[in-house]
Amino acid sequence: MFVLLNQLRRVRRDIAASPPVTRSSLALRHVDAGSCNGCEHELTAAANPFYDLSQYGLSLVASPRHADVLLVTGAITTRMHPALLAAHGAMPEPRLVAALGNCALGRNLLGQPDQLAGVLEQILPVDLRIPGCPPTPAAIAAALIGVLEQRSRGG
Amino acid sequence: MSARRARPLIVTPVAATSWRTACVAARGNGERFEGLFATAGDAETVELRALFSSPAETRLIVCEDRDRSVETLVDAIPAAAWDEREAHDLHGVRFVGHEPMRPLLDHNTPLAAWTVPTVGHDTHEVAVGPVHAGVIESGHFRFHVVGERVLHLDVRLFYKRRGLEAAAAGHPLETSVAYAQRSCAACAVTNSVAYAQACEQALGLAPDRELSRSRTLLLELERVYNHLHDISAICAGVGFAAGTMAYATMKERAQRLNERVAGHRFLFHTVRVAASDQTLDAEAVARARGELRELRAEHARAWRQLQFTASLQARLDGVGILTRDDASRLGAVGPVARAAGILRDLRSESPHLWYPLFEPVTAPGAAGDVASRTVQRALELDQSFMVLDQLLAAPLAPGRTQATFGEAEFGVGRVESPRGATVCVIERNGSRLRAMHLRTGSYANWPALAHATAGNLLPEFPLINKSFELCYACADR
């Protein structure tokens, strides 16, 4: 265990991620509305020691009731449409919706039209757009830290 | 070595009345069931296909079914249960004798229609999903529980169904590889290579040495980052954060290597039908080889630490057991089946890939529990590092194909994904795709996961689930 912890300490020292500039925080909830699982892998990776979202006050929470931001991935399938609306409806206000990845942004969608509910923009008000197929963990981290910085400036 | 020679595809047309006899006979000959599906024929008919394989050949049993009704296979071939339920829901095929026919893809049915009834003192249901507490794909689990013990688990997937196979139909064979790739990020290379192999078989083409090497390199890079991810996830399943983060760090390194070697962290856009443009010069292969050796050493150090972490090890033994018999009966594949003692890996029967000396391995003891599945991943990581080391001993040039058996209407691709045997069947209409069917290792293993969960405590499920680490996306398609 100590070897593992030392290994991780070395990684942290080598990477030297830029320190947080704000003292605020955002609680994030993720809904997979029909992704290929790429965005989920990269969102999980954003919590690894290379990107370390938690040091910026960004945490993934288990329930939409605890969340400030809804991260939506995937082409919105007709089968996930109701669950997506339910998760959004369960969030306290003010709340933000982020389209995570090209599918959620309606770019280069693949699938049968009758299986897809439509682009996220037409379903929920989108506040944050994070493009990429999938977006890299660095891009996800930068976009979310950007929201924190904007807020600390009163934006 | 006969298994490594190119395998002909035998297409056996049968009448609907002989469907069951032909399929059961193939199974009786020792051929392995690898999938069953339906495609829409002209007007009123539906076309059924069942895929079987032996070490020497691949057999596709095809049937034009005007009545949309055949006898079921599930009593003789339990592994066909999900396939029949899918064909029923999508195409209205009746499988006589498959009782009750529980909906699988059809979500517009009452709860009682798709769950197994449980009765008795204090039985209750715990419903989870489709949205989960973590960053997990969408799917619904319905646990039937007494106290904390799981009596039975009904899995309802297909929330992420995008209709990729149907959407791919009608497009040129070359461009439809995008649909196979999009079905799943974590199996993108496997699914694309299976699709490309299927197209090449139908076009009467076989890859040359460089094309085989290029695809094998991509497949093993895919396996390395997936297996590192899976060990990280198993550590997360018991709340062992140091192990989770150590392996997440290694996975990150592997994905950065993917980007340097092939231009994408998930190796997207690297697989083409009948060609590869990927090149690596002497310096590039040497650098990649060096990084992989470092990664292998880091994994070896971390793995040793996991062996001495009592709080982790104490949680793995005897949990989520899938016996060898059940694995075989339910058609389990990949590390899950090998951890239960089934010594089968498509890499040892892949004539169109570059695995010259590959032999499958099973975890010592092969108890079919979480511990065995964890050890299995580590053994396979070592194998993959070895294959990659051999592959990267020489530069990589662009790959092409050469003519082989002759052209055909059908083609089959078979590839071992990080989660097990994945098959792709295509039907073509000249240079265009008429239909494709992708049956992934995850699809094959979902029923086995549900079976292995029964009898365990409910709080063990996240750990059991992570030791299988199945994709939802490439089951749902």
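Which residues of helix 1 (residues 19–28) of chain B are buried?

Analyst: This is a predicted model, in which local features need pLDDT of at least 70 and side-chain atom pairs count only at pLDDT 80 or more, while totals for chains, interfaces and linings use all residues. Residues are numbered from 1 along each chain as its sequence is written, and chains are lettered from A, ligands numbered from 1, in the order in which they are written.

The buried residues of helix 1 of chain B are B:Trp19, B:Arg20, B:Cys23 and B:Ala26. Buried means 20 or more other C-beta atoms within 10 Å of a residue's own, exposed 12 or fewer, and partly exposed in between, with C-beta atoms placed from the backbone; helices (H or I, at least four residues) and strands (E, at least two) are DSSP runs numbered from the N terminus. Looking down the axis of helix 1 of chain B, we find its buried residues within an arc of 135°, so they line one face of the helix; the arc is that of the directions from the helix axis to the C-beta atoms. That buried side packs against strand 1 (9–14), strand 3 (46–53), strand 4 (58–65) and strand 5 (69–71) of chain B, where contact means C-beta atoms, placed from the backbone, within 7 Å. On the face turned away from the buried side sit the exposed residues B:Thr21 and B:Gly28. Just after the helix, B:Gly30 has a positive phi of about 90°.

Elsewhere in chain B, helix 13 (residues 370–391) can be followed through its packing with two other helices. Helix 7 (residues 209–237) of chain B packs with helix 13 of chain B at about 150°, the axes being 9 Å apart; axes are lines fitted to C-alpha atoms over the stretch in contact, and angles run from 0 to 180 degrees between N-to-C directions. Helix 7 and helix 13 of chain B are therefore roughly antiparallel, on a scale where under 35 degrees is roughly parallel, over 145 roughly antiparallel, 65 to 115 roughly perpendicular and the rest oblique. Their crossing is left-handed, a term for a near helix turned anticlockwise from the far one by less than a right angle, clockwise being right-handed. The residues of this contact divide into nine nonpolar, four polar and six charged, where Ala, Val, Leu, Ile, Met, Phe, Trp, Tyr, Cys and Pro count as nonpolar, Asp, Glu, Lys and Arg as charged, and the others, Gly among them, as polar.

Helix 9 (residues 282–307) of chain B packs with helix 13 of chain B at about 160°, with the axes 10 Å apart, and this makes helix 9 of chain B roughly antiparallel to helix 13 of chain B. The crossing of helix 9 and helix 13 of chain B is left-handed, and the residues that meet include B:Arg289 and B:Trp303 in helix 9 of chain B, with B:Phe385 and B:Asp389 among those in helix 13 of chain B. The residues of this contact comprise six nonpolar, one polar and three charged.

A:Leu60 lies in strand 2 (residues 58–60) of chain A and, because it has 20 C-beta neighbours inside 10 Å, counts as buried. Leaving aside neighbours within four places in sequence, A:Leu60 is in contact with A:Leu28, A:His30, A:Ala47 and B:Val135. Its C-alpha atom lies 9.6 Å from that of A:Leu43, which is 17 residues away along the chain.

Conventions. Contact = placed C-beta atoms within 7 Å.
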